[in-house]
Amino acid sequence: MTARSPPPPPAPPAPPSPQQLQQQKQKQQHRARTPQGGDDFQEFYKELDTVLDSILTAPDQVYHRDMYSAHGPPRPDVSDAVPPRPPLPQQEYLPPRPPPPEESEDEMEVHFPKPQADQPIMSAAYSLHVEAQKWSSKDNEIVAAAKKMALLMAKMSRLVRGEGGTKKELIDCAKAIAVASEEVTRLAREVANQCTDKRMRTNLLQVCERIPTISTQLKILSTVKATMLGAQGSDEDQEATEMLVGNAQNLMQSVKETVRAAEAASIKIRTDSGHTMRWVRKRPWYL
């Protein structure tokens with residue numbers, strides 16, 4: 001009986017193709033970009049998109065031509081018939097007074113998870129968010145604009161890291177941040193012009209005047225970064241990212257300092273000046 005010859009050894013696996021190597025590299029980069037506690041950030045991103053959509057896509061009020069008068073504000077639309085007056089109540093006692101309405105939360109109230117060390121842009125947005133959350137945005141446009149900028153910068157962090165979005169979304173996000181920056185600067189100048197303390201007024205103007213220049217640079221750097229979203233890892237992309245990170249950190253820091261300086265300057269405004277901005281702290285500083 002003849003012995004069987006051993007089976008031939010298996011053939012070595014074929015080397016991966018260039019396309020497979022590129023896919024593996026992209027998967028590794030995506031894992032490296034995914035922060036720890038990813039579930040928290042996924043929920044935060046969903047909540048962030050919902051809040052920003054409600055802010056940025058709010059429909060503007062449209063008036064028809066026949067609603068305008070030649071000498072005054074738009075006339076109310078009285079085309080619909082006036083409803084009949086309801087009948088008087090038949091009870092002999094007064095109904096109980098309804099409870100007061102509950103104080104509604106800010107529309108920009110989101111659960112902002114603490115960023116990781118490898119999320120510098122998100123960390124800058126988180127720092128401004130924490131500062132702005134100390135104050136109620138009701139009757140305070142500076143705080144409202146600062147909160148909006150923090151959320152927009154958080155969205156930019158996700159776009160820059162390649163965790164979703166398109167080039168157009170990155171450019172549009174930078175433009176929205178620039179518009180909010182102009183709003184913060186305009187409001188800060190109004191506060192400074194009404195402040196009676198020369199030192200506080202000068203400090204506020206010096207801080208807020210940096211914001212327009214930095215926001216303009218942000219738009220330029222974001223456009224450059226957007227052209228490289230499909231080529232992460234190159235030297236040019238790394239350089240563009242570093243410049244964008246530094247710019248975002250400077251902008252968030254300037255806005256944070258502007259909020260603090262505006263709050264301090266508001267104390268030195270005459271009560272009869274017509275200034276209507278209110279600074280209401282959400283929780284005491286010592287808690």
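Me: Where is L204 found in this predicted model?

Reply: L204 is found in helix α6, the helix of residues 198-208.

Me: Why is L204 called buried?

Reply: Its relative accessible area is 0%. Buried means under 20%, so L204 counts as buried.

Me: And which residues does L204 touch, leaving aside those up to four places away in sequence?

Reply: L204 touches A188, V191, A192, T258, A261, A262 and A265. One of these, T258, lies 54 residues from L204 along the chain, yet the C-alpha atoms of the two are separated by 6.4 Å.

Me: What makes α6 roughly antiparallel to α8?

Reply: The angle is the thing to look at. Helices α6 and α8 pack at about 160°, with their axes 9 Å apart. Angles over 145 degrees count as roughly antiparallel, so α6 is roughly antiparallel to α8. The crossing of α6 past α8 is left-handed.

Me: Which residues of α6 and α8 meet?

Reply: From α6 come M200, N203, L204, V207 and C208. They meet S254, E257, T258, A261, A262, A264 and A265 of α8.

Me: How do the residues of that contact divide by class?

Reply: Eight are nonpolar, three are polar and one is charged.

Me: What makes the contact of α4 with α8, residue by residue?

Reply: On the α4 side there are I142, A146, M149, A150, M153 and V160. On the α8 side there are T241, L244, A248, L251, M252, V255, V259 and A262. Sorted by class, 13 residues of this contact are nonpolar, one is polar and none is charged.

Me: How many disulfides does the structure hold?

Reply: It holds zero disulfides. A disulfide would need a pair of cysteine sulfur atoms within 2.5 Å.

Me: Are C173 and C208 buried or exposed, and how do you know?

Reply: C173 has a relative accessibility of 4%, and C208 has a relative accessible area of 0%. The limit for buried is under 20%, so C173 counts as buried, and so does C208.

Me: What about D139: why is this residue called partly exposed?

Reply: D139 has a relative accessible area of 42%. Partly exposed covers what lies between the buried limit of 20% and the exposed limit of 50%, so D139 is placed in that class. D139 sits in the loop between α3 (120-132) and α4.

Me: What is the phi of D139 near?

Reply: Phi of D139 is near 60°, a positive value in a residue other than glycine. Most residues other than glycine have a negative phi.

Me: Stepping back, what does the secondary structure of the protein come to?

Reply: There are eight helices and zero strands, in the pattern α-α-α-α-α-α-α-α along the sequence.

Me: And what share of the residues of the protein count as buried?

Reply: Of its 287 residues, 34% count as buried. As for contacts with a separation of 6 or more, residues 24 or more positions apart account for 74% of them.

Key. Residues are numbered from 1 along each chain as its sequence is written. This is a predicted model: local features need pLDDT of at least 70, side-chain atom pairs count only at pLDDT 80 or more; totals for chains, interfaces and linings use all residues. Side-chain values use heavy atoms; hydrogens and water are left out. Contact means heavy atoms within 4.5 Å. Helices (H or I, at least four residues) and strands (E, at least two) are DSSP runs, numbered from the N terminus. Ala, Val, Leu, Ile, Met, Phe, Trp, Tyr, Cys and Pro count as nonpolar, Asp, Glu, Lys and Arg as charged, and the others, Gly among them, as polar. Buried means under 20% relative accessible area, exposed over 50%, partly exposed in between (1.4 Å probe, protein chains only). Axes are lines fitted to C-alpha atoms, for helices over the stretch in contact, and angles run from 0 to 180 degrees between N-to-C directions. Angles under 35 degrees count as roughly parallel, over 145 as roughly antiparallel, 65 to 115 as roughly perpendicular and the rest as oblique. A crossing is left-handed if the near helix is turned anticlockwise from the far one by less than a right angle, and right-handed if clockwise.
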